[in-house]
Amino acid sequence: VRHALALGLVGESQPGSIHTLIELSRDPDDSVRDWATFALGASTEIDSEEIRTALRARLNDSFDEARAEAIWGLAIRYDLEGLRLLLHRLESETPWPGDSSAAADILGISQTDNSIETLIFGIRERLRNRETAI
């Protein structure tokens, strides 16, 4: 039931839905946490400290997919920690396909038209710009 609820709330942006997704992002079930984190991170354009806090709580998640969704969700919000972690993943020997997709989305470019080096360069620039803005 919790899994179905998390899936059903993907794309929702009402305050009650966001609150429920934040609760589900702490669920003991890996799949429930993953879908709730995805819904908070990638499927809503809402940006709030409450959402960022929930995403940051998943950065050390034992379930790789939930942790990746948290990184991507923070990075698309230009959160410094999210951008740094995404850059680190892109620079690793085995970045996930979702890392490239998230970077391309952040940069507003087509993933298929750009190399990993282009994505790394672009994310580095975003990170530098964000750091100097603070």
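Q: Before we talk packing, what does contact mean here?
A: Contact means heavy atoms within 4.5 Å.

Q: And what kind of model is this?
A: This is a predicted model: local features need pLDDT of at least 70, side-chain atom pairs count only at pLDDT 80 or more, and totals for chains, interfaces and linings use all residues. Residues are numbered from 1 along each chain as its sequence is written, and side-chain values use heavy atoms, with hydrogens and water left out.

Q: How many helices and strands in the chain?
A: Eight helices and zero strands. Both are DSSP runs numbered from the N terminus: helices are H or I with at least four residues, strands are E with at least two. Along the sequence the pattern reads α-α-α-α-α-α-α-α.

Q: What share of the residues count as buried?
A: 42% of the 134 residues. Buried means under 20% relative accessible area, exposed means over 50%, and partly exposed is in between (1.4 Å probe, protein chains only).

Q: And the accessible surface of the chain, what does that come to?
A: About 7,100 Å², with 51% belonging to carbon and sulfur atoms. The areas come from the Shrake-Rupley method with a 1.4 Å probe, and for residues only the protein chains shown count as cover.

Q: What about contacts between residues at least 6 apart in sequence; what share join residues at least 24 apart?
A: 51% of them.

Q: Back to packing. Which helices do the buried residues of α4 pack against?
A: They pack against α2 (15-24), α3 and α5. In α4 (residues 49-57), the buried residues are Ile-51, Arg-52, Ala-54 and Leu-55. They cover an arc of only 160° around the axis, which puts them on the same side of α4. The arc is that of the directions from the helix axis to the C-beta atoms.

Q: Which residues of α2 are buried?
A: Ser-17, Ile-18, Leu-21, Ile-22 and Leu-24. Seen down the axis of α2, they fall within an arc of 160°, so they line one face of the helix. They pack against α1 (2-8), α3 and α4.

Q: Thr-37: what is in contact with it, leaving aside neighbours within four places in sequence?
A: Ser-25, Leu-55, Arg-58, Ala-66, Glu-69 and Ala-70. Thr-37 lies in helix α3. Thr-37 is buried, at 1% relative accessible area.

Q: New topic. How many aromatic pairs in the whole structure?
A: Two aromatic pairs. Trp-35 and Phe-38 form an edge-to-face pair, 5.6 Å centre to centre with 85° between the planes. Rings of Phe, Tyr and Trp (its six-membered ring) pair if their centres lie within 6.5 Å; planes under 30 degrees apart count as stacked, over 60 as edge-to-face and the rest as tilted.

Q: Where do Trp-35 and Phe-38 lie?
A: Both are in helix α3 (residues 30-41), three residues apart, about one turn of the helix. Trp-35 is partly exposed at 31% relative accessibility. Phe-38 is partly exposed too, at 25%.

Q: How are the rings of Trp-72 and Trp-96 placed?
A: Their centres are 6.3 Å apart and their planes at 65°, so the pair is edge-to-face. Trp-72 lies in helix α5 (residues 64-75) and Trp-96 in the loop between α6 (80-91) and α7 (97-107), so the pair ties together parts that are 24 residues apart in sequence.

Q: Trp-72, buried or exposed?
A: Trp-72 is buried, at 13% relative accessibility. Trp-96 is partly exposed, with a relative accessible area of 31%.

Q: What sits over the ring of Trp-96?
A: The charged end of Arg-89, 5.0 Å from the ring centre. The cut-off: NZ of Lys or CZ of Arg within 6 Å of the ring centre and within 35 degrees of the ring normal. Arg-89 lies in helix α6. Arg-89 is buried, with a relative accessible area of 15%. Neighbours within four places aside, Arg-89 is in contact with Ala-68, Ile-71, Trp-72, Pro-95, Trp-96 and Asp-99.

Q: Last one. What is phi of Tyr-78 near?
A: Near 60°, a positive value in a residue other than glycine. Most residues other than glycine have a negative phi. Tyr-78 lies in the loop between α5 and α6, and counts as partly exposed at 31% relative accessibility.
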